[in-house]
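Dear colleague,

I am passing on the structure below, together with my notes on the ligand site and on the salt bridges. Please read the notes with the model open beside you.

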Amino acid sequence: MKIDIVSVFPEYFEVLNLSLMGKAQSKGLLEITAHNLRDWTHDVHHSVDDTPVGGGAGMVMKPEVWAECLDELLGLADAAGTAAQPTSETSSAAPVLIFPNPSAPLFTQRDATELSRTEHLLFGCGRYEGYDSRIPDYYRAQGIDVREYSIGDYVLNGGEVAVSVMLEAITRLMPGFMGNPDSIVEESYTGEGALLEHRQYTKPAVWRGISVPEVLLSGDHGKVDRFRRDEELARTNEIRPDLIARLDCKALDKADRKT
Ligand SMILES: COc1cccc(COC(=O)c2cn[nH]c2)c1
């Protein structure tokens with residue numbers, strides 16, 4: 001998978017060369033490039049933002065700068081309309097263009113699963129009050145698959161943290177990324193927006209006088225599975241009833257068949 005990230009703080013992503021992400025890059029599973037949006041400015045101040053049309057506090061990121069950058073990274077015709085020549089850089093599959101945005105639909109495991117099968121992702125990190133809203137609209141009109149996602153109900157100073165969160169959720173699902181692929185199978189229940197996972201315990205069976213649930217020591221896998229399933233339903237109902245509402249009957253049936 002080829003991943004391009006555009007930010008005014010590209011150095012923020014140097015951390016991706018560590019641990020699993022670093023290994024995945026050295027194994028050729030991933031190719032991550034962080035670009036500095038200011039490389040597409042032409043003024044002496046390398047300005048990427050301007051005051052909001054209609055007034056209001058803060059600054060908004062300029063569409064022209066983003067467009068010069070995205071046209072190039074997406075391999076689109078430039079403003080003059082001359083078709084950009086496909087280069088070795090231009091991946092065959094059209095990339096998905098993703099913008100973190102607090103005012104967008106929530107990014108879920110279902111999105112991570114879908115995007116983990118994509119060949120080329122291009123992330124755009126907003127700063128200040130955000131980017132000119134015409135940017136995603138324009139690229140949708142060019143036929144690009146543009147997604148805007150929130151990672152939660154809070155506002156960050158920029159999209160970089162949100163991109164890191166989405167990248168981790170996406171890349172860990174890629175075949176060959178995790179040492180032990182089984183570790184993501186179990187999550188398929190909770191992952192697909194289904195249920196919260198059951199509580200986890202390890203040895204010792206009794207720790208500071210607190211015992212693990214007896215059934216887990218029974219050796220009866222059928223009973224253990226049933227116990228865990230019941231706990232998943234109860235925990236989800238108590239902590240995240242909204243996930244129950246999203247559950248479709250298939251997932252519930254599948255869950256019952258599992259035990
Ligand atoms: C309109 O673009 C903006 C504006 C302001 C900050 C950001 C960065 O993203 C977030 O703050 C965020 C994403 N999910 N939850 C919070 C983007």
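How far from a nitrogen atom of the ligand does a backbone N or O atom of Gly152 lie? The distance is 3.2 Å, which falls under the rule for a polar contact (a pair of N or O atoms within 3.5 Å; within protein, one must be able to donate a hydrogen and the other to accept it, and residues adjacent in sequence count only if both atoms are side-chain atoms).

Before going further, please note that this is a predicted model, in which local features need pLDDT of at least 70 and side-chain atom pairs count only at pLDDT 80 or more, while totals for chains, interfaces and linings use all residues. Residues are numbered from 1 along each chain as its sequence is written, and side-chain values use heavy atoms, with hydrogens and water left out.

A backbone N or O atom of Ile151 lies 2.9 Å from a nitrogen atom of the ligand, and a backbone N or O atom of Leu156 lies 2.9 Å from an oxygen atom of the ligand. Of the 410 Å² of accessible area that the ligand has on its own, the protein covers 95% (areas by the Shrake-Rupley method with a 1.4 Å probe). There are 15 residues around the ligand (a heavy atom within 4 Å of it), and those that come nearest are Ile151, Gly152, Tyr154, Leu156 and Gly158.

The salt bridges

The count comes to twelve salt bridges, each being a side-chain nitrogen of Lys or Arg within 4 Å of a carboxyl oxygen of Asp or Glu. One of them joins Arg140 to Asp137, with the closest N and O atoms 3.4 Å apart; these two residues are three apart in helix 4 (residues 134-141), and so are separated by about one helical turn (helices are DSSP runs of H or I, at least four residues, and strands runs of E, at least two).

Asp230 and Arg226 also meet in a salt bridge, at 3.4 Å from N to O, and they are four residues apart in helix 8, which again means about one helical turn.

The side chains of Glu231 and Arg199 form another, at 3.9 Å from N to O. This pair links distant parts of the chain, 32 residues apart, with Glu231 in helix 8 (residues 221-239) and Arg199 in the loop between helix 7 (187-191) and strand 8 (206-207). Glu231 is buried, at 15% relative accessible area, whereas Arg199 is partly exposed, at 45% (buried is under 20%, exposed over 50%, partly exposed in between; 1.4 Å probe, protein chains only).

With kind regards
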